[in-house]
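Take a moment with the sequence and the fold below. We will walk through them piece by piece.

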Amino acid sequence: MREQTLEAAPVSVSVVMPCYNEAGIIEKVVKDCYAQIIGNIRDSEFVIIDDCSNDATPVILKRLEGEFPKLKILKTPKNSGHGRALRLGYESAVKECVFQVDSDDQFELREFWQLHSRIKNCDLVLGSRRQRNDPLHRLLLSRIISLANFSIFGVFIKDANCPFRLIRR
């Protein structure tokens, strides 16, 4: 993949990442996101929503917030689940495009640029997972969503529930 330049990047991007009990991986994911995306887009922000983690995640995030000036940590008032945390992130995002990604390190963040190259002609670009490391109920949910999209809209989306998406606000 070719290297992206600041001029080729969207005018502005909010990276939105919900997390819960990711102490073992969150520092790596934050640093990877900075190296691959935030550091290459001048007008960007990185919003992480901690859904009341009860491990060392909040301590790690607080330290990283001091290290990375574009990092903004939000916390849900109580553990509310992935959807509510994600909604809080979307509501607080202020940039032109929103890039949603989960905090579990299932994605190669450098592949953001493949989504970016396609956003110029549309409002939403979805990624897809080659191999899923999710429990059976999540795999079934994704299959049901894909079948519903096909039944209703006549379009097959391989991984419609994929948390690797770029959306124009």
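Is Asn21 buried, exposed or partly exposed? At 28% relative accessibility, Asn21 counts as partly exposed. The terms have cut-offs: buried means under 20% relative accessible area, exposed means over 50%, and partly exposed lies in between, using a 1.4 Å probe and protein chains only. This is a predicted model, where local features need pLDDT of at least 70, side-chain atom pairs count only at pLDDT 80 or more, and totals for chains, interfaces and linings use all residues. Residues are numbered from 1 along each chain as its sequence is written, and side-chain values use heavy atoms, with hydrogens and water left out.

Asn21 sits in the loop between β1 and α1. Its phi is near 50°, a positive value in a residue other than glycine. The names of these elements follow a rule: helices (H or I, at least four residues) and strands (E, at least two) are DSSP runs, numbered from the N terminus. Asp105 also has a positive phi, near 65°, and is not a glycine. Asp105 belongs to the loop between β4 and α4. With 30% relative accessibility, Asp105 counts as partly exposed.

Now find the sheet. Six strands form an open sheet in the order β3-β2-β1-β4-β6-β5, with mixed pairing. Two strands pair if DSSP finds at least two bridges between them. The edge strands are β3 and β5 (124-126), and each pairs on one side only. On average, neighbouring strands of this sheet are turned by 15° against each other, direction ignored. Look at β1 and β2: they run parallel and are joined by seven bridges. Val15 has Phe46 as its bridge partner in β2. Val16 has Val47 there.

Stay with β2. Seven of its seven residues are buried. In a regular strand the side chains alternate between the two faces of the sheet. In β2, Ser44, Phe46, Ile48 and Asp50 point one way. Glu45, Val47 and Ile49 point the other way. Glu45 is buried, with a relative accessible area of 9%. What does Glu45 touch, not counting residues up to four places away in sequence? Its contacts include Val13, Ser14 and Val15, and also Ser92, Ala93 and Val94. Contact here means heavy atoms within 4.5 Å. Asp159 is 114 residues from Glu45 in sequence, and the two are 26 Å apart in space, C-alpha to C-alpha.

Next come the helices. An α-helix has 3.6 residues a turn, so residues three or four places apart point the same way. In α1 (residues 26-36), the buried residues are Ile26, Val29, Val30, Cys33 and Tyr34. They cover an arc of only 135° around the axis, which puts them on the same side of α1. The arc is that of the directions from the helix axis to the C-beta atoms. What covers these buried residues includes β1, β2, α2 and β3.

Helix α3 (residues 82-92) has Ala85, Leu86, Gly89 and Ser92 as its buried residues. They span an arc of only 130° around the axis, which puts them on the same side of α3. On the other side of α3, Gly83, Arg84, Arg87 and Glu91 are exposed. The cover over the buried residues of α3 includes β1 (13-19), β2 (44-50), β3 (71-75) and β4 (97-101).

How do two helices meet? Two packed helices are described by the angle between their axes and the distance between the axes. Helix α1 packs with helix α2 (residues 57-67) at an angle of about 25°, with their axes 10 Å apart. Axes are lines fitted to C-alpha atoms, for helices over the stretch in contact, and angles run from 0 to 180 degrees between N-to-C directions. α1 and α2 are therefore roughly parallel to each other. Angles under 35 degrees count as roughly parallel, over 145 as roughly antiparallel, 65 to 115 as roughly perpendicular and the rest as oblique. Where they meet, Ile26, Glu27, Val30 and Lys31 in α1 face Ile60, Leu61, Arg63, Leu64 and Glu67 in α2 as contacts.

Finish with α4 (residues 112-119). This helix lies across β1, β4, β5 and β6 (164-168), and runs at about 30° to β6.
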